[in-house]
Amino acid sequence: MTKLEQASALDRVGDRLQRAVLATLRPQRVRDLLHGVFLGHPLHPAMVQVPVGAWISAAVLDLMPGQRRAATTLIGVGTVGALPAAIAGLNDWAALSRDQRRVGLVHAASNTVGLALYAGSLAARLRGRHGTGRALAYLGLTAASAGAYLGGHLAYKQGAQVNQSVSELHRMSDGWHSLADLAALPQRKLITREVDDDVSVILYRHGDEVTVMLERCPHQSGPLGEGEVTEIDGHTCVVCPWHGSAFRLNGGEVVHGPSANDQQILPTRVVDGVLQTRLP
Ligand code: FES
């Protein structure tokens, strides 16, 4: 797997595919929908439940007598359901780092082979060739399982589409932490501070209200403190300088992907004119 992460030979194909995906999946609203911004979680892992569930169920039914029709129906449901799941996956993939994209490319290739085999299985079954249909389906399940293994590596080892900022909370100690004199904080300007000398947060003052938010972007740890503050749909948002994810400064909700996760806001209080924060 490490060799695959480092396989630069995949980059030519990967870079071309990335450009094609970014040029095709437009506008931003469509991309946000496919990332799962409306859910607050990535959409792709939820969508793959349809093909995976249908195909595994069909594999069980194929072992039982008198279940041809049911198995064919499930193969059809899984094959059709795989298409939107694949599009959502490609959309996420296009905003990953290079090493993640290499593994993601092979993940997508395995699943494409699996999908083609299942499409062949469906066609054979509809022509009454159930033996061929069964064989193709088991080959498809093998290819899709290899794809699932690679998807697991992407998510759990390489942290693709996993909230990259939440681990910051585990490094913050309990209790209130002083950040700055409130009177000295400029209006409507992003300020970066450290909590426990280690956890970076951004401060944004608007009147007497101050937002304190983790600085590491949930998508790929981009520095939100270097981001732009802008109005989106009437809300003041910070836009990540790396891939453009946008988060509301008054609540942390994600407004635009590729992040599908909200950003963590921290509680605040002012004691003797000093702004303090703590764990939520
Ligand atoms: S790191 Fe990718 S959008 Fe922030």
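# Reading the folds and contacts

Visitor: What share of the protein chain's contacts with a separation of 6 or more comes from residues 24 or more positions apart?
Guide: The share is 58%. Contact here means heavy atoms within 4.5 Å. A word on the source: this is a predicted model, where local features need pLDDT of at least 70, side-chain atom pairs count only at pLDDT 80 or more, and totals for chains, interfaces and linings use all residues. Residues are numbered from 1 along each chain as its sequence is written, and side-chain values use heavy atoms, with hydrogens and water left out.

Visitor: How many helices and strands are in the protein chain?
Guide: The protein chain has 9 helices and 11 strands. These are DSSP runs, numbered from the N terminus: helices are H or I with at least four residues, strands E with at least two.

Visitor: What percentage of the 280 residues is buried?
Guide: Buried residues make up 46%.

Visitor: Why are α2 and α6 called roughly perpendicular?
Guide: The axes of α2 (residues 11-24) and α6 (residues 68-93) cross at roughly 110° and come within 9 Å. Axes are lines fitted to C-alpha atoms, for helices over the stretch in contact, and angles run from 0 to 180 degrees between N-to-C directions. Roughly perpendicular covers 65 to 115 degrees (under 35 is roughly parallel, over 145 roughly antiparallel, the rest oblique). Therefore α2 and α6 are roughly perpendicular to each other.

Visitor: Which residues of α2 and α6 meet?
Guide: Gly14, Leu17, Gln18 and Val21 in α2 meet Leu90, Asn91 and Trp93 in α6. By class, that contact has 4 nonpolar, 3 polar and no charged residues. Ala, Val, Leu, Ile, Met, Phe, Trp, Tyr, Cys and Pro count as nonpolar; Asp, Glu, Lys and Arg as charged; the others, Gly among them, as polar.

Visitor: What makes α6 and α7 roughly antiparallel?
Guide: α6 packs on α7 (residues 98-126) at about 155°, with the axes 10 Å apart. That angle meets the antiparallel cut-off, so α6 and α7 are roughly antiparallel. Their contact includes Ile75 and Leu83 of α6, and Leu115 and Tyr118 of α7. It divides into 11 nonpolar, 5 polar and 2 charged residues.

Visitor: How do you know that β5 and β6 pair?
Guide: DSSP must find at least two bridges between two strands. Between β5 and β6 (residues 235-239) there are 5, and the strands run antiparallel.

Visitor: What makes β5 and β8 edge strands?
Guide: The open sheet has the order β5-β6-β7-β8. β5 (228-232) and β8 (254-256) each pair on one side only.

Methods
Buried means under 20% relative accessible area, exposed over 50%, partly exposed in between (1.4 Å probe, protein chains only).
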